[in-house]
Amino acid sequence: MEVGKLSVLLLFVIGVGSLEMRTWGSGSGSSSSVVTLDCGIHAMTPNTRVTIQTPNYPNDYDESYRCQWEIYCNSVENTTLTMSCPDFELEDSANCNADRLIIKDHDSRDVICGDDNPDGTTTVDGWMRLTFWSNIVQDTTAKGFRCHIWCHPKPGTINLPCIC
Ligand SMILES: [Ca+2]
C-alpha cells in the first residue's frame, strides 16, 4: 500500500515538473508540446501567444460539449489579436446548426464550421471570445482545431523597448 501511494506521489511530482518545463518552453514557438488554455477568462500581454484546442485533439472531440475562451490583451485599446490555425475541422452543417465555433470581438460575430478555417482572423482590439459547441443530435464529430492567438500592439501605439 505504502509503495503504491509513493508511486502515485512520484508520478504527481514528475507530472507537475514536466508541466512547468512545458510552460517555460512555450515561448520558443518550436516546441512540439503545446500548453493550451483551459475554458475560461485569460489575460495576455503584447507579443505573446496562447493556444486553444478542442478536447482530445488531434483525436475527435466529444459530442455535447461546450467551451468558452475569453481573451484579453493588455491594454485592450492598444492591441489586436490574430488567429493562426494550422488545423481546423468541425462537423459541417447548414448554417452551422450542428457543431460550431463562434468568434466574437467588439465589432463582429462569426459562426463557422466544417473546414472554414478562421486562420488570419484579426480583432479590432485586444479582446475576443471564442465559443466551441458540439451538438448531441447526431453522433458526428471531427478532428477539431488547434489555434494560436497572437497579441500584437496596434501600429502607432507607443511600445516600450524590449530589454531582452
Ligand atoms: Ca456533432
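**Ground rules**

I am working from a predicted model, in which local features need pLDDT of at least 70, side-chain atom pairs count only at pLDDT 80 or more, and totals for chains, interfaces and linings use all residues. I number residues from 1 along each chain as its sequence is written.

**Overall make-up**

Helices (H or I, at least four residues) and strands (E, at least two) are DSSP runs, numbered from the N terminus. From the N terminus on, I read the order as α-β-β-β-β-β-β-β-β.

Next I checked burial. I call a residue buried if 20 or more other C-beta atoms lie within 10 Å of its own, exposed if 12 or fewer, and partly exposed in between, with C-beta atoms placed from the backbone. Buried residues make up 21% of the 164 residues.

Then I turned to contacts, meaning two residues whose C-beta atoms, placed from the backbone, lie within 7 Å. Among contacts between residues at least 6 apart in sequence, 71% join residues at least 24 apart.

I count two strands as paired if DSSP finds at least two bridges between them.

I followed the pairings next. E1 and E3 run parallel over five bridges. There, Ile-41 has Glu-70 in E3 as its bridge partner. E3 and E7 are antiparallel, over eight bridges. Cys-67 is bridged to Phe-132 in E7, and Arg-66 stands opposite Trp-133 in E7.

**Three-stranded sheet**

Which strands make up the open sheet of three? I found the order E2-E8-E4, with antiparallel pairing. E2 (49–53) and E4 (79–89) are at the edges with a single partner strand each, so one side of each has no neighbour in the sheet. Here the twist averages 20 degrees from one strand to the next.

E4 pairs with E8 (residues 144–153) in the antiparallel sense over nine bridges. Within this pair I noted Met-83, whose bridge partner in E8 is Ile-149.

**The core**

I define a nonpolar core as a set of buried Ala, Val, Leu, Ile, Met, Phe, Trp, Tyr and Cys residues joined through C-beta atoms within 7 Å. The largest one has 19 residues, and Ile-52, Ile-71, Leu-81, Leu-130, Cys-147 and Ile-149 touch the most other members. E2, E3 (65–73), E4, E7 (127–134) and E8 each supply at least two residues. E8 gives the most, with four.

I then looked at Ile-71. Not counting residues up to four places away in sequence, Ile-71 touches His-42, Met-44, Val-50, Leu-81, Met-128 and Ile-149.

**Asn-135**

Where is Asn-135 found? I located it in the loop between E7 and E8. Asn-135 is partly exposed because it has 17 other C-beta atoms within 10 Å. Leaving out residues up to four places away in sequence, Asn-135 touches Glu-63, Ala-98 and Asp-99. Asn-135 and Ala-98 are 37 residues apart along the chain, yet their C-alpha atoms are separated by 5.5 Å.

Methods
Axes are lines fitted to C-alpha atoms, for helices over the stretch in contact, and angles run from 0 to 180 degrees between N-to-C directions.
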